[in-house]
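Work through the exercises below with the sequence and the model side by side. Each task is followed by a solution in steps.

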Amino acid sequence: MADIAVIGLGRLGLPLASILADAGYDVVGVERSEDRIEAIAKGNIGFEPNVRPYFTVISDASMVQAPVVFVCVNTPAGPDGDLVIDDVKEAIEQVYAPDRTVVVASTLPVGGFAKIEKPGLIYNPLFIALGNAVDNMTKADLLLIGCRERRGVDQLVQIWERTIAPHKTEIRIMSPEEAEVMKLALNVYLTMKVSLSTMLLQVCETEGMDVEKILGALLCDYRVDHNYLGAGIGFAGPCFGKDVATFHHFLTSHGHRSLAKFTNGIRSVNEHVDVTLKKAVEEMAIKDLPVSILGLAYKPRVPYVEESKGVKLAA
């Protein structure tokens, strides 16, 4: 019997299963896509560095016998902007048992945990950047745990203590709802910083100013750090926009419409860049000038094109 099972071997589950196996655990991965299973068996594990599939892979979650299970299935955005958690619910129904520690690592919308709740269920969302998932997990700054009761929590912490490299990792335990808000709030915060620098770039280009001088001076203040604060064309990819939209949906659907102006502002700045870029290309086309788009991935060193600025512009 395996020590740990990981349900869903995608962008989150595959590196998680890899680092758990590297830490010495007997891991079984569950993936229902036969194409994905075949690719993993052939060593086609994607672009994530340091991922080693040294674990067993099966396709049926109901066959899992491990005492600890991580659920890492996708939670896509629905038409209203909220996250769809049907696959998470299905996975929990397949693997839950009162004597088993079941951990949801997939990102949940605010209120999502309550819809899938079982006694002892734990919410442990992971904070990763695609292309750097292994390092993000093994050198985590934060271990966030949302739970109703302590059952299984000590066991989960022990697993992470064995898996995380010698590193100062803060452990924060709170209610599932608080953890849901915190997980989304982090990406809202990061996109806020991106939007600030994006807005400054737009203003400086219009007003004939040097945005790099402004940002450089801004970073001289000890209260400002450089991460995610650089002049560019906004945020993109499969996570940032989705999480901001999900948090915006939470605010509007819970009577916080005035506060939702904050998330709406972040989205508006990002969308304004798309309009500005499109207008610039159209002006060049009128002048019969060639236009080249260098790179279609949403960021360097990854092959993903979800919400890519380059793809939107090319379309």
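Buried means under 20% relative accessible area, exposed means over 50%, and partly exposed lies in between. The model is predicted.

**Exercise 1.** Classify E117 as buried, partly exposed or exposed.

Solution. 
- The relative accessible area of E117 is 33%.

**Exercise 2.** Find which salt bridges R148 forms with E117 and E177, and state where the partners lie.

Solution. 
- The search of the whole structure gives 18 salt bridges.
- In one of them, the side chains of E117 and R148 meet at 2.7 Å, N to O.
- E117 sits in the loop between α4 and β6, and R148 in the loop between β7 and α6, 31 residues apart.
- R148 is partly exposed, because its relative accessibility is 42%.
- The side chain of R148 also meets that of E177 in a salt bridge, at 2.7 Å, N to O.
- E177 belongs to helix α7 (residues 176-207), so this pair ties together parts that are 29 residues apart in sequence.
- With a relative accessible area of 25%, E177 is partly exposed.

**Exercise 3.** Describe the salt bridge between D274 and K309.

Solution. 
- The two side chains, of D274 and K309, meet at 2.9 Å, N to O.
- D274 is in helix α10 and K309 in helix α11, so the bridge ties together parts 35 residues apart in sequence.
- D274 is partly exposed at 22%, whereas K309 is buried at 9%.

Conventions. Residues are numbered from 1 along each chain as its sequence is written. This is a predicted model: local features need pLDDT of at least 70, side-chain atom pairs count only at pLDDT 80 or more; totals for chains, interfaces and linings use all residues. Side-chain values use heavy atoms; hydrogens and water are left out. A salt bridge is a side-chain nitrogen of Lys or Arg within 4 Å of a carboxyl oxygen of Asp or Glu. Helices (H or I, at least four residues) and strands (E, at least two) are DSSP runs, numbered from the N terminus. Buried means under 20% relative accessible area, exposed over 50%, partly exposed in between (1.4 Å probe, protein chains only).
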